Amino acid sequence: MKKVDGLLADYGSYHRTRGNLVCHAFGITLIVYGLLAFLHEFPLPPPGWTAAELLIAASFCFYLTLDVPLALSILVALSALDLIARAIGDWRIGIAAFVVGWVFQAIGHARFERNSPAFFKNVVHLMVGPLFLVNEVVRARRLDH
């Protein structure tokens, strides 16, 4: 079993109900958008680059170590959210999205799953969540859930 399969399976074991998966689809998207929108406030060289792109590059490198097709898929999703954050251009909307995203996460676990978030057990799951969500869409890795 590849490491990515173990991580996705472990993460998936905390996310079995449809209601929680829907909450996470909205929540993770809003959280990632919020992070990128906020990080656009911190410019880096070369001109036009920000801490948001640095986060995307670092995340992409991490995801490449797990699975190349999934890494490429999540790069597309992250790039789209980055472009949306640039187009909106307001860090305050990003912060609001970030907070609302975490509310969705909390509702998913409290109302539908009735368990604690996976990252309470393993902080790496904060990075696995977006990967799990992308995998649910592109089905690059087969999961039993």
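Buried means under 20% relative accessible area, exposed means over 50%, and partly exposed is in between, using a 1.4 Å probe and protein chains only.

Before moving on, some ground rules. This is a predicted model, where local features need pLDDT of at least 70 and side-chain atom pairs count only at pLDDT 80 or more, while totals for chains, interfaces and linings use all residues. Residues are numbered from 1 along each chain as its sequence is written, and side-chain values use heavy atoms, with hydrogens and water left out.

**Stop 1: salt bridges**

Arg 86 sits in helix α4 and Glu 53 in helix α3, so the pair ties together parts that are 33 residues apart in sequence. (Helices are DSSP runs of H or I with at least four residues, strands are runs of E with at least two, and both are numbered from the N terminus.) Arg 86 is partly exposed, at 38% relative accessible area.

A salt bridge here is a side-chain nitrogen of Lys or Arg within 4 Å of a carboxyl oxygen of Asp or Glu. Side chains of opposite charge can pair when their charged atoms come close. How many salt bridges does the structure hold? There are 8.

Now pick Asp 10 and Lys 121, whose side chains meet in another salt bridge (3.1 Å, N to O). Asp 10 belongs to helix α1 and Lys 121 to the loop between α5 and α6, so this pair ties together parts 111 residues apart in sequence. Asp 10 is partly exposed at 21%, whereas Lys 121 is exposed at 55%.

Next, select Asp 67 and Arg 141, a salt bridge with 3.0 Å from N to O. Asp 67 is in the loop between α3 and α4 and Arg 141 is in the segment after α6, so the pair ties together parts 74 residues apart in sequence. Asp 67 is buried at 5%, and Arg 141 is buried at 17%.

**Stop 2: the core**

Select Leu 8, Leu 36 and Leu 131. They have the most contacts inside the largest nonpolar core, which has 31 residues. Helices α1 (3-12), α2, α3 (51-66), α4 (68-88) and α6 (125-138) are the elements that give two or more residues to this core. A nonpolar core is a set of buried Ala, Val, Leu, Ile, Met, Phe, Trp, Tyr and Cys residues joined through side-chain atoms within 4.5 Å. In soluble globular proteins, nonpolar side chains tend to be buried together.

What does Leu 131 contact, leaving aside neighbours within four places in sequence? Show Val 4, Leu 8, Tyr 63, Leu 66, Leu 70 and Ile 74. Contact means heavy atoms within 4.5 Å.

**Stop 3**

Asp 82 is in helix α4 and is buried, at 8%. Leaving aside neighbours within four places in sequence, Asp 82 is in contact with Leu 36, His 40, Ala 52, Glu 53 and Ile 56.

**Stop 4: a nonpolar patch**

Select Phe 38, Phe 42, Trp 91, Ile 95, Val 99, Val 103, Ile 107 and Phe 112. Together they form a nonpolar patch on the surface, with about 660 Å² of accessible area. Patches are made of residues with over 30% relative accessible area and no salt bridge, with like charges joined within 9 Å and nonpolar side chains (Val, Leu, Ile, Met, Phe, Trp, Tyr) within 5 Å. Areas come from the Shrake-Rupley method with a 1.4 Å probe, and for residues only the protein chains shown count as cover. Helix α5 (residues 91-113) gives the most to the patch, with 6 residues. Phe 42 is in the loop between α2 (18-39) and β1 (43-44), and is partly exposed at 41%.

**Stop 5**

Most residues other than glycine have a negative phi, and most peptide bonds are trans. Zoom in on Pro 45 and Pro 46: a cis peptide bond joins them, with omega about -5 degrees. Then go to Arg 114, where phi is near 55 degrees, a positive value in a residue other than glycine. Arg 114 is in the loop between α5 and α6 and is exposed, at 63%.
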